[in-house]
Amino acid sequence: MQIIKDLSADPVAAGRIDPTKIAFGKTFSRHSFVAEFQDGAWQSARIAAIEPFSLHPGALVLHYAQSIFEGLKAFAQPDGGVALFRPERNARRFQASAARMAMPRVDESLFLDAILGLVSADYAYIPRFPGSLYIRPAMIATQPYIGVRSSTDFKFFVVTLPAAAYFPGSDSGAGAVDVLISESVVRAFPGGTGNVKTAANYAITLQVTSKAAAAGCGQVLFLDSSPARRVEELGGMNVLFVENGSLVTPPLNDTILPGVIRDSVLQLAKDQGLPVREYAYTLKELQEGLQSGKITEAIACGTAAVVTGIRRFHLESGVTIPVGDAARPGPVTSALFEHLQGIQYGWLPDKHGWLMRVDGVHLD
Ligand code: COI
């Protein structure tokens with residue numbers, strides 16, 4: 001599909017974005033991509049100055065949360081070029097999310113063209129290391145209708161944001177965060193939507209995330225609803241552990257989001273000769289493993305979070321369980337962080353072919 005471009009909006013001066021001074025999520029680039037699904041087809045694909053949408057108050061997304069999204073990043077490369085990290089994975093997950101939420105398919109070619117076109121248009125917003133450009137594709141149901149059924153009309157849009165560390169204070173190295181273990185609120189359940197990237201999965205975490213923030217925690221660890229209370233994932237990213245030198249993470253199922261960074265980190269661990277075990281600890285096993293020193297590291301990993309160390313878990317009772325020495329990210333966390341970052345910024349060989357170059361863009 002042809003994308004119409006109106007790039008008359010003033011660009012920022014290239015090089016003006018200081019990656020150490022960006023608060024995640026607040027600064028948007030100048031343009032956005034938008035297309036509408038009407039009469040059974042995507043139409044009017046365009047890249048133009050970012051502007052507010054006008055939505056009918058009866059739009060289905062506003063009432064029944066028919067809404068999905070993705071998150072990926074573009075990285076400045078040593079030769080001045082720009083590369084996306086595994087965008088085809090996001091394209092495929094967007095399709096899986098759309099199918100689960102009864103929304104129309106976005107072909108991989110349209111998904112990628114939208115992102116490549118937008119990143120080229122706003123290349124001046126791509127911060128250099130340690131920053132990156134965070135890319136947020138999304139789809140919402142726009143038909144005005146107050147009845148519970150799928151919309152006939154949708155909007156697919158992409159915005160981009162110059163980004164640095166997701167967790168404040170983690171701007172160099174892997175960083176470290178405190179995490180509240182949610183014993184009373186679950187995020188997902190078998191047969192639900194935990195394995196797709198739909199907005200409601202995030203909305204239901206907000207109440208406990210606010211409580212966590214008040215207790216000094218940057219994330220929440222969710223458990224499944226079985227009596228064993230097995231570890232699933234964090235509110236906005238996957239979770240991994242280091243036990244006796246092996247990397248351990250819950251296996252994918254219908255309650256866990258198949259993270260692109262999760263998949264990449266598991267591959268890098270294998271490349272480093274680290275044994276990988278897909279196993280979901282029960283809460284009791286996690287507590288005992290941390291207290292006995294068998295579990296030495298815990299890791300939050302995702303597009304926004306990259307690879308961040310977890311330094312302490314907090315139970316709802318107020319009990320705190322330190323991870324390792326609770327002072328700094330552990331050696332496995334740091335090695336995985338450095339390895340992933342090295343590939344993303346083009347310093348290390350991309351032996352799995354994870355980078356997709358954005359043609360025709362050169363940062364001075
Ligand atoms: C991402 O990492 O891209 C996400 O969508 C998670 C969110 C916490 C920003």
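**A predicted model: selected residues and the ligand site**

Asp 107 lies in the loop between α2 and α3 of this structure, which is a predicted model. The side chain of Asp 107 is joined to that of Arg 105 by a polar contact of 3.1 Å.

The phi angle of Ala 102 is near 55 degrees, which is a positive value in a residue other than glycine. Ala 102 has a relative accessibility of 45% and therefore counts as partly exposed. In helix α2 itself, Ala 99 has its place, and because its relative accessible area is 60%, Ala 99 is classed as exposed. From C-alpha to C-alpha, Ala 99 and Ile 140 are 13 Å apart in space, while 41 residues separate them in sequence.

A positive phi angle is also found at Ala 65, where phi is near 60 degrees, again in a residue other than glycine. Ala 65 belongs to the loop between α1 (60-64) and β4 (67-69), and its relative accessible area of 28% makes it partly exposed. Another backbone feature concerns Phe 129 and Pro 130, which are joined by a cis peptide bond with an omega of about 5 degrees. Of these two residues, Pro 130 is placed in the loop between α3 (108-121) and β7 (132-141).

Lys 155 is situated in strand β8, which spans residues 154-163. Its relative accessibility is 12%, and since a residue under 20% is called buried, Lys 155 is counted as buried. The side chain of Lys 155 takes part in a polar contact with the side chain of Glu 36, at a distance of 2.7 Å.

Two residues with higher numbers can be described together with their partners from an earlier part of the chain. Trp 347 is found in the loop between α8 (331-344) and β18 (355-357), and it is partly exposed, its relative accessible area being 45%. Although Trp 347 and Pro 78 are 269 residues apart along the chain, their C-alpha atoms are separated by 7.3 Å. His 362 is located in the segment after β18 and, with a relative accessible area of 47%, is likewise partly exposed. For His 362 and Gln 77, which are 285 residues apart along the chain, the separation between the C-alpha atoms is 9.4 Å.

The ligand sits in the largest pocket. The residues around the ligand are Phe 69, Gly 71, Tyr 134, Arg 136, Tyr 166, Lys 197, Gly 236, Thr 303 and Ala 304. When this shell is sorted by class, four of its residues are nonpolar, three are polar and two are charged. Arg 136 has an N or O atom in its side chain that is 3.3 Å from an oxygen atom of the ligand. A polar side-chain atom of Lys 197 lies 2.8 Å from an oxygen atom of the ligand, whereas at Thr 303 it is a backbone N or O atom that lies 3.4 Å from an oxygen atom of the ligand. Taken alone, the ligand exposes 280 Å², and the protein buries 90% of that area.

How values were computed:
Residues numbered from 1 in each chain as written. Predicted model: local features only at pLDDT ≥ 70, side-chain atom pairs only at ≥ 80, totals over all residues. Heavy atoms only, no water. Near = heavy atom within 4 Å. Polar contact = N/O pair within 3.5 Å; in protein donor to acceptor, adjacent residues only side chain to side chain. Areas by Shrake-Rupley, 256 points an atom, 1.4 Å probe, with all protein chains shown as cover. 1 Å grid on protein atoms, 1.4 Å probe; cavity = no way out; pocket = protein on both sides within 12 Å on 5 of 7 lines; lining within 4 Å. Sits in = over half its atoms within 2 Å of the grid points. Nonpolar A, V, L, I, M, F, W, Y, C, P; charged D, E, K, R; others polar. Helix = DSSP H or I, 4+ residues; strand = E, 2+ residues; numbered from the N terminus. Buried < 20%, exposed > 50% of the residue type's maximum accessible area, 1.4 Å probe, protein only.
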